[in-house]
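Please read the following account alongside the sequence and the 3D view.

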Amino acid sequence: MTETCAPKNILVTGGCGFIGSNFVHYVVNNHPETHVTVLDALTYAGNPANIAGLPADRVEFVHGDICDADLLDRLVPGHDAIVHYAAESHNDNSIANPEPFLRTNVEGTYRLLEAARKYDVRYHHISTDEVYGDLALDDPNRFTEQTPYHPSSPYSSTKAASDLLVRAWHRTYGVRATISNCSNNYGPYQHVEKFIPRQITNILTGIRPKLYGDGLNVRDWIHTDDHSSAVWTILTKGRIGETYLIGADGERNNITVLRDILEVMGQPADAFDWVKDRPGHDRRYAIDSTKLRTELGWAPEHTDFRKGLERTIAWYTEHRDWWEPTKATTEARYQQQGQ
């Protein structure tokens, strides 16, 4: 079954986080008929400044926890769809303390699915390519919707668990659900603990960038605006019960990305420090988004990674007031971990 009508009222969980807030901006800018309710617990990675300035008649903010069933009973009725971005998502943090990942990613998804079932609300689940584990650097294959799950970290294992809950609630209870698994996002509003903004903000504050392991780990990069357009396409055109992989053919190893950042920012190619590798560090991710492109007609717009990176560097350069309050704490945590 395919649903093609645009929702009039959507609930976006985690809408003050990096990817969620970019989706809220995308909807406001491109779909004036849709009202957005943002539900966010404002943990360390959630920042209300990410949606500041958006029109009050288009976006409503609710400070709350997706695990709060009573809150969901009050909030979900009247919405046409739930788009579930809220997640604990940083691998290093999951290795240090898995418990918040279990609560948010597994219990939180369960609570939302129960609300979607109770009130018959369309549900779209945002997931990650990390549920598939990793690929060898010389493997000619990429992840597809048929790739078996093989998560490596507490983070990816809790996301895999949440995906399986969505599939079960669709099959057992008929919840009108879809899932998308996306590759690594980059762009504005990304927390400084993540790879690209960490390197950019290190350079801007006079700290030498840091690179894990041998730097050859490959990630499949996609601009967050392209992720947003893909999610909207799936929400409005996707077949209920289906999973779609989102990717923009952006495979690059970490040392190449870092050297691109150094070059754009006028730094020598060797102006970084090597640090110890992350435990269980996945070697390579690669997305095959053929199903999304051929079945739903989606295509990425930001296909020039270098230009997207330049715009991202410019954003962090111009918005120091946004990231500076969290920078010192983030670097102190990395220093404790030897990274």
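Residues 11-311 have end C-alpha atoms that lie 29 Å apart, and the span is 39% helix and 18% strand. Helices (H or I, at least four residues) and strands (E, at least two) are DSSP runs, numbered from the N terminus. The span comes from an unreviewed UniProt entry, whose annotation reads "domain: NAD(P)-binding"; UniProt positions are given in the numbering used here, feature names are shortened, and annotations may be inferred rather than shown by experiment.

This is a predicted model, in which local features need pLDDT of at least 70 and side-chain atom pairs count only at pLDDT 80 or more, while totals for chains, interfaces and linings use all residues. Residues are numbered from 1 along each chain as its sequence is written, and side-chain values use heavy atoms, with hydrogens and water left out.

Salt bridges come next. A search of the whole structure finds 20 of them, a salt bridge being a side-chain nitrogen of Lys or Arg within 4 Å of a carboxyl oxygen of Asp or Glu. One of them joins D120 and R176, with the closest N and O atoms 3.2 Å apart. D120 sits in the loop between α4 (99-119) and β5 (122-128) and R176 in the loop between α5 (154-173) and β6 (177-182), so this pair ties together parts 56 residues apart in sequence. D120 is exposed, at 54% relative accessible area, whereas R176 counts as buried at 19%. Here buried means under 20% relative accessible area, exposed over 50%, and partly exposed in between (1.4 Å probe, protein chains only).

A second salt bridge is formed by D273 and R208, whose closest N and O atoms are 2.8 Å apart. Since D273 belongs to strand β12 (residues 273-275) and R208 to the loop between α6 (195-204) and β8 (210-212), the pair ties together parts that are 65 residues apart in sequence. D273 is partly exposed at 29% relative accessibility, and R208 is partly exposed at 38%.

K291 forms a salt bridge with E242, and the closest N and O atoms are 2.6 Å apart. This pair links distant parts of the chain, 49 residues apart: K291 is in helix α9 (residues 290-296), and E242 is in the loop between α7 (224-237) and β10 (243-246). K291 counts as buried, at 17% relative accessibility, while E242 is partly exposed at 22%. R239, E242, K291 and E295 are linked in a network of salt bridges.

Now the backbone angles. Most residues other than glycine have a negative phi.

The last stop is strand β9. Why is strand β9 (residues 218-223) largely enclosed by the rest of the structure? The reason is that 6 of the 6 residues of β9 are buried. Both faces are covered, with V218, D220 and I222 buried on one side and R219, W221 and H223 buried on the other.

Two strands pair if DSSP finds at least two bridges between them. Strand β7 (residues 184-186) pairs with β9 in the parallel sense over 3 bridges, and N185 stands opposite I222 in β9. β9 and β11 pair in the antiparallel sense, also over 3 bridges; E251 in β11 is the bridge partner of D220.
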